[in-house]
Amino acid sequence: MSIYYIYQDQKRCIGCYACEIHCKTWNSVPLGPRFCRIIPVGPKMIGSVPRQQFIFIPCFHCEKPWCVSACPTNAMQKRTKDGIVFVEQSHCVGCKSCITACPWGVPQWNPETGKVIKCDYCKSRIDQGLKPACVTKCTGKSLRWVSAAEASLLKREKFAREIAKFGVMY
Amino acid sequence: MEDTKSVYSICSMCTVRCAIKVEVEDGVAKWIEGNPHVPGLEGSLCAKGSAGLAFQYDTERPQYPMIRDGERGSGKWRMATWDEALDYIADKLKEITDKHGSKSIALVDRGGPFTDLTKSFMKALNSPNYLDHDDTCGKNTNMACQTLFGYGRTDMIYDWPNTKHIVLYGRNVFESLMVKEVNSILDAMEKGAKLTYIDCRATVTASKADRFLMIKPGTDYALNLALINVILNERLYNVDFVNKWVTGLTELQSFVIPYTPEWAEKETGIPAQEIINLARDLSDAKPKVILHGGWMLARYFDSFYSSRSIYILNTLLGSIETKGGLIIAKGAKDASKKPLNSLGTNIPDVKDKIFDADMPGKSLGTGHVVNIYKVIKTEEPYPVRALFVYRYDLIASLPDPEAQKKALDNLDLLVSIDVNYSKTGWYSDVLLPESTYLERSNIIGTQTGPKPAFIMRRQAILPRYDSKPAWEIFTLLAQKMGAGQYFPYKSIEDIWNYQLDGTGIKIEDFNAKGFVSLAKEAILMGRNDLKFKTPSGKVEFVSQTLEKNKFLSFKPYESPKKTEKGIFRLTFGRCGYHTHATTQNNLYLNELMPENVLWINEDEAKDLGIKNGDIVEVSSNGYSGKIKAYVTPFIHPDAVFMVHGFGNEIPMKTRSYKKGLNDNAFQIGQLELVDPVGGGTAFLECFITVKKA
């Protein structure tokens, strides 16, 4: 796993798909492929209210990436300094092994170049001390750029608030 | 070394106009983000905002002035130079005004903070006929607000961050979205504010709400009358505020006696106990409650009274001019600053009256855009023969496109000024391409609010095509029409300097943040020192304006028209990533939603043998079309719904060409159907038949 993580606060996600467009415009992604995706789930009734969630799926930048192991040309690489998984375009031969290997369907086919492209957390922005495009401009500030350690803390804090809010005792 | 710069400006992908920062490299716009200095934005931008880059670098938009070279709407054009196109317009205008006078020219604008330019242009041409699009949007709400407070809709600013309970009537804040408002509401909810959402459809906003009330379409007014009934009966209102600031409480009390929650349950389908609970919850949270008065409320014949009843509820709960409620917008003067100088100051006043000033059977106010069709057709009270349409697509906006085109055929000149190929543009005699929002500067605008500010849209890049900014188009036109002495400007800086003269603010002051705040803190009137601009100076439940115009202050409730099996009320709205009819052809936004679908209730669909994803035929008055059905329990059985803005018929826009259906095309015979008091178009009085294709 890379040292970074994109945490999605479901309460603040309004399913506006802006993250996908922020990403596509920054990375000049052609029609078809999408580095990150919002997958809507629902709506369904939970008690007396309809509930719908929008699940944000970028690349997870795994510690042991299936895509890197599957790549025969060393185009798919993991950055040593921070674990970002990216494609070195000049090495990619378009064999699609990574597409088959990734359990989450993250590597994307670029129909214009016949090569694979994927989310690299906008690494050129990261190297300038900025955040990925999707996080920087998220409409409802649902996406947050955190360390993996912070992500677990955020999740715990959120859980604690939920318990307190509804007065449920465990 | 690359030549880079950051430019603060204002987005124009929709009409919310979020403040933006544009990064430019070697003359190319590379990145747009929300202005980091604006609370609630801090970088945030919606999908449409980011897709502004796809719009900017798209070839499928007007690239040069075009003069019609065939029948209206035939799509046959000839390319023209600016001189040629402007001379063509000026010559025609001279012919028309020689015959019919200058009042035979009209201009329909969209509206917004930069309209001083177009209003002054019309003044310079000596015509009173300036109109905006508000009849298709917030007019009913605006008029409702005026009759109660003497202030308009946009003068009542919602103080989301400090509120405790929000009530939205079909105001789908998380899809028909304003980025700053989205964040303010989410922040308030994080701090514990409750959200009640009322609609005939479960939108994304419904899925975030603490309470969702599925209401029978067209019965909001019934719900509100019952809420008022409970609040008065149980004495849940803010007694001090109401006693001090309201006229007509007794009349309201006797009016609402029959409108009990049990009665409303039969009308709305919302259980009486739910209505009582809502009234009590609102009372618990008062005065920090916001019942949204409506944004686009051009819907039913009683939308004016429905909106008025929402503002009455706010007043009863004391949420006016208080933190967490509705704060009256302040301008430069309220901040003890000199307002911007109007471009029209030195232009003589127009003596003629606007064409609908005394129109028989007219609704409140003047300048109703639907009346433009009446005057074109009847030539009463006088002929209007030339029409400018600026930034507004009349034909895509108002009902019944064919009826509109037929009326427009009576014009001697129709000019459209737009950044897009609009339906109206396509039907025009001359199409003038305005430079895009990234390519142009506008005049300075005032953003009124608790903390007023001057705002500036500033050119970030050079125009890609042969287009011009609005200030230059209208300046050149005025000059060609012999009114050049009123438009002496040679550059936008000339205009800005004139506007700012005497304010103590300079153009450079906009460099740091893109706007100049006129107040450090929110300006609130004292609770005992409120000023309402009504004749009585109070909140007029019984309105002198209404009574003077022979309208009722309290209109008895009338049930909406009943639907039959297989016939549905056609409702429409937005999703978070398309707006009006302007974004459907955008490379990236088209990819997100290339065509619309028809929401239909699952039980109704089952009876009609329609399954999710089936192609269905929808028809009304001889017009029909095919669309994919989205079968769901989350829409009221009386209604069907589609996202507005599809059904493009202009072949130049290839991605959206003939994709999806246009709701307006089904509103046949509805062009003059309006709320009789507010004047807003009654869009939702449209019924369509649905069957399996």
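Me: Buried means under 20% relative accessible area, exposed over 50%, and partly exposed in between (1.4 Å probe, protein chains only). This is a predicted model: local features need pLDDT of at least 70, side-chain atom pairs count only at pLDDT 80 or more, and totals for chains, interfaces and linings use all residues. Residues are numbered from 1 along each chain as its sequence is written, chains are lettered from A and ligands numbered from 1 in the order written, and side-chain values use heavy atoms, without hydrogens and water. Which class does B:Glu649 fall into?

Reply: The relative accessibility of B:Glu649 is 44%. That value sits between the 20% and 50% cut-offs, so B:Glu649 counts as partly exposed.

Me: Where in chain B is B:Glu649, and what does it contact?

Reply: Helices (H or I, at least four residues) and strands (E, at least two) are DSSP runs, numbered from the N terminus. B:Glu649 lies in the loop between strand E26 (639–643) and strand E27 (687–692). Contact means heavy atoms within 4.5 Å. Leaving aside neighbours within four places in sequence, B:Glu649 touches B:Lys405, B:Lys423 and B:Tyr657.

Me: How many Å separate B:Glu649 and B:Ile67 in space?

Reply: In sequence, B:Glu649 and B:Ile67 are 582 residues apart. In space, C-alpha to C-alpha, the separation is 19 Å.

Me: Is B:Glu604 buried or exposed?

Reply: B:Glu604 is placed in helix H21 (residues 602–607). Beyond four places in sequence, its contacts are B:Lys565, B:Phe568 and B:Pro637. Its relative accessibility is 14%, so B:Glu604 counts as buried.

Me: Which residues does B:Ser397 contact beyond four places in sequence?

Reply: Helix H14 (residues 394–397) holds B:Ser397. At 13% relative accessibility, B:Ser397 is buried. Its contacts are B:Thr136, B:Tyr392, B:Asn664 and B:Phe683.

Me: Why is chain B called as compact as a globular protein of its length?

Reply: Chain B has 21 helices and 27 strands. The radius of gyration is taken over C-alpha atoms, and the globule rule is 2.2 Å times the number of residues to the power 0.38. For 693 residues the rule gives 26 Å, so chain B is as compact as a globular protein of that length because its radius of gyration is close to this, at 25 Å.

Me: What percentage of the residues in chain B is buried?

Reply: The C-alpha atoms fill a box of roughly 70 × 65 × 60 Å along the principal axes. Of the chain B contacts with a separation of 6 or more, 73% join residues 24 or more positions apart. Among the 693 residues, the buried share is 64%.

Me: How far apart are the centres of the positive and negative side chains in chain A?

Reply: Lys and Arg count as positive, Asp and Glu as negative; His and the chain ends are not counted. A charge is placed at NZ of Lys, CZ of Arg, CG of Asp or CD of Glu. Chain A has 25 positive and 11 negative side chains. Their centres lie apart by 5 Å.

Me: Which residues of chain A lose the most area to chain B?

Reply: Buried area is the accessible area (1.4 Å probe) that two parts lose on being put together, summed over both. Between chain A and chain B it is about 3,100 Å², with 59% from carbon and sulfur atoms. Three residues together give 21% of what the chain A side buries. They are A:Arg12, A:Ile14 and A:Lys137.
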